Amino acid sequence: MSLSIRNQLPGTVTAVTPGEAMATVRVRLSGGRHLTAAITREAADDLGLSPGAAVRALVKSTEISLATGRADGLSIRNRLPGTVTRLVLGEVMAVAHVAIEDADLTAVITREAAEELGLFVGSDVIALVKSTEVALASA
């Protein structure tokens, strides 16, 4: 199945915590980092998610924020350190390609934010993703 979502990270479920309506799913990415996805409990059941299940974590490029320093005092669970490998500055928006361990992410942020962060190819960044913005697909 083809998707327009650029960020498709393969991984393995390490834990599923079901709640009344939602479930949190912990996914170990192939490089060893972890992501947390908050999905509906029904979706977790439909996908048959349990530890050991192979999945793809899907994150829209517009749902990734970037930080150039420590990201303390935030509720965001997913913090993936990486390096900017390509940066395209448009009139209004910017596209940053970020290498994280053995995967690549695409982040779309405003040009103003990219300039304020002083981003350049080679910048060390932390990609931030709310767990509610991580979708899962069976691998």
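Q: Why is β3 largely enclosed by the rest of the structure?
A: A residue counts as buried under 20% relative accessible area, as exposed over 50%, and as partly exposed in between, with a 1.4 Å probe and protein chains only. Five of the seven residues of β3 are buried, so this strand is largely enclosed. Please note that the model is predicted: local features need pLDDT of at least 70, side-chain atom pairs count only at pLDDT 80 or more, and totals for chains, interfaces and linings use all residues. Residues are numbered from 1 along each chain as its sequence is written, and side-chain values use heavy atoms, with hydrogens and water left out.

Q: How many helices and strands does the chain have?
A: Helices (H or I, at least four residues) and strands (E, at least two) are DSSP runs, numbered from the N terminus. The chain has two helices and 10 strands, in the sequence pattern β-β-β-α-β-β-β-β-β-α-β-β.

Q: In what order do the strands stand in the open sheet that contains β3?
A: Strands of a sheet pair through backbone hydrogen bonds, either parallel or antiparallel. Two strands are taken as paired if DSSP finds at least two bridges between them. Here five strands form an open sheet in the order β3-β2-β1-β4-β10, with antiparallel pairing. Its edge strands are β3 and β10 (135-138), each of which pairs on one side only. The twist averages 45° from one strand to the next; axes are lines fitted to C-alpha atoms, for helices over the stretch in contact, and angles run from 0 to 180 degrees between N-to-C directions.

Q: Which residue of β3 is the bridge partner of valine 27?
A: The partner is leucine 35. Seven bridges join β2 and β3 in the antiparallel sense. Four residues lie between these strands in their hairpin, where glycine 32 takes a positive phi near 105°. Elsewhere in the sheet, β1 and β4 run antiparallel and are joined by six bridges, and leucine 9 has alanine 57 in β4 as its bridge partner.

Q: What is the strand order of the open sheet that contains β5?
A: Five strands form this sheet in the order β5-β9-β6-β7-β8, and the pairing is antiparallel. At the edges are β5 (65-67) and β8, each pairing on one side only. Between β6 and β7, which run antiparallel, there are six bridges; valine 84 stands opposite valine 98 in β7.

Q: Which members of the largest nonpolar core touch the most other members?
A: A nonpolar core is a set of buried Ala, Val, Leu, Ile, Met, Phe, Trp, Tyr and Cys residues joined through side-chain atoms within 4.5 Å. The largest has 34 residues, of which Leu49, Ile64, Leu66, Val98, Leu105 and Leu136 touch the most other members. Strands that each supply at least two residues of this core include β1 (7-18), β2 (22-29) and β9 (124-129). Apart from this core lies another, of five residues, among them Ala67, Ala71, Ile126 and Leu128.

Q: With which residues is leucine 49 in contact, leaving aside its neighbours within four places in sequence?
A: Contact means heavy atoms within 4.5 Å. Leucine 49 is in contact with Val13, Val16, Val25, Ile39, Ala44, Val55 and Leu136.

Q: What share of the 139 residues in the chain is buried?
A: Buried residues make up 37% of the chain. Along its principal axes, the C-alpha trace spans about 45 × 35 × 25 Å.
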